Amino acid sequence: MTDFFGVPLPALLGQLLLGLVNGSFYAMLSLGLAVIFGMLNIINFAHGALYMMGAFLAWMGLEYFGVNYWAMLLIAPLIVGVFGLVIERLLLQWLYKLDHLYGLLLTFGLTLVIEGVFRSFFGVGGQPYSAPEALQGATNLGFMILPNYRAWVVVASLVVCLGVWVLIEKTSLGATLRAGTENPKLVQAFGVNVPRLVTLTYAGGVALAGFAGVLAAPILQVNSLMGSNLIIVVFAVVVIGGMGSILGSILTGLGLGVIEGLTKVFYPEASNTVVFVIMALVLLVRPAGLFGKEK
């Protein structure tokens with residue numbers, strides 16, 4: 001059996017896969033945050049709570065209504081997106097011209113409210129959610145055992161992240177979105193309903209969090225604290241990649257997940273802090289982040 005610095009190859013590859021899975025969640029959540037900040041200039045601290053909501057919706061769909069995993073992959077993000085639409089119309093639309101701190105405080109308060117509601121109904125204990133039958137089990141690749149569901153999470157996350165990047169950076173709709181946030185009066189003069197565009201952008205950003213929550217449900221115990229346990233790391237990922245950078249969020253999320261996985265192999269004591277150490281080093285050298293633009 002091949003060893004790398006005293007670590008067996010299967011163990012090393014297993015941790016790399018775990019890091020890639022975590023990186024997939026970091027990428028999806030930081031992507032939603034980057035879309036919202038880049039387009040709306042709002043620091044959406046409620047992203048973790050909406051991720052948790054997506055996971056709970058998947059669990060409730062199966063537990064109470066018998067709706068399977070595949071259907072909830074579509075239904076849960078739609079419900080979270082509609083909820084985000086209500087939040088934007090009722091609350092966030094009044095904050096766009098104010099300092100970032102107001103949006104951060106409001107969404108932090110929303111996080112406490114959402115988590116409190118779910119905690120009052122379901123407590124803090126985890127709710128089990130099984131992976132769909134088609135994705136259960138594992139595949140023997142010869143050099144490692146690959147869990148089928150974890151492989152699906154990585155593939156699904158990459159497809160969604162790349163799809164969103166192409167939509168925003170390479171299509172006319174994405175160009176309209178960017179123009180609508182940079183010069184809304186000019187875009188409105190061409191007949192585009194900019195407020196509706198902004199609302200749909202926020203709804204789409206939080207729908208990504210809901211989709212990530214459904215993907216996470218079979219891996220993690222579905223509980224009311226799962227979002228708050230992850231959101232600080234995701235914010236660190238966004239800062240490292242560059243606030244508002246779509247591609248930066250995707251690449252940084254995946255890369256930091258892998259680095260975190262390798263750290264658990266070679267120096268486990270630092271695995272919980274390595275992301276924040278990297279964030280501090282990046283901010284010292286490049287305050288706008290690796291992919292961010294200096295102002």
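Predicted model: local features only at pLDDT ≥ 70, side-chain atom pairs only at ≥ 80, totals over all residues.
Let's start at serine 24, which sits in helix α1. Serine 24 has a relative accessible area of 0%, and because buried means under 20%, it counts as buried. What does the polar side chain of serine 24 find at this place? A polar atom of that side chain lies 2.8 Å from the backbone oxygen of leucine 20. In general, an α-helix has 3.6 residues a turn, so residues three or four places apart point the same way. Leaving aside residues up to four places away in sequence, serine 24 touches Val153, Val154, Ser157 and Leu254.

Helix α9 runs over residues 228-241, 14 residues in total. From its first C-alpha to its last, α9 reaches 20 Å, close to the 20 Å expected at 1.5 Å a residue. Among the buried residues are Leu230, Ile231, Val233, Val234 and Phe235, and the list goes on to Ala236, Val237, Val238, Ile240 and Gly241.

The unreviewed UniProt entry lists "transmembrane region" for residues 12-35, 42-62, 68-92, 101-122, 149-168, 230-259 and 265-285. Over residues 42-62, the chain is 76% helix and 0% strand, with the end C-alpha atoms 33 Å apart. Over residues 230-259, the chain is 87% helix and 0% strand, yet the end C-alpha atoms are 16 Å apart.

Our last stop concerns charge. Side chains of opposite charge can pair when their charged atoms come close. How many salt bridges does the model hold? The count comes to one salt bridge, and it joins the side chains of arginine 89 and glutamate 88, at 2.9 Å from N to O. The two partners can be told apart by their accessibility: arginine 89, at 31%, counts as partly exposed, whereas glutamate 88, at 0%, counts as buried.

How values were computed. Residues numbered from 1 in each chain as written. Heavy atoms only, no water. Helix = DSSP H or I, 4+ residues; strand = E, 2+ residues; numbered from the N terminus. Expected span 1.5 Å × (residues − 1). Buried < 20%, exposed > 50% of the residue type's maximum accessible area, 1.4 Å probe, protein only. Polar contact = N/O pair within 3.5 Å; in protein donor to acceptor, adjacent residues only side chain to side chain. Contact = heavy atoms within 4.5 Å. UniProt positions renumbered as here; feature names shortened; annotations may be inferred. Salt bridge = Lys/Arg side-chain N within 4 Å of Asp/Glu carboxyl O.
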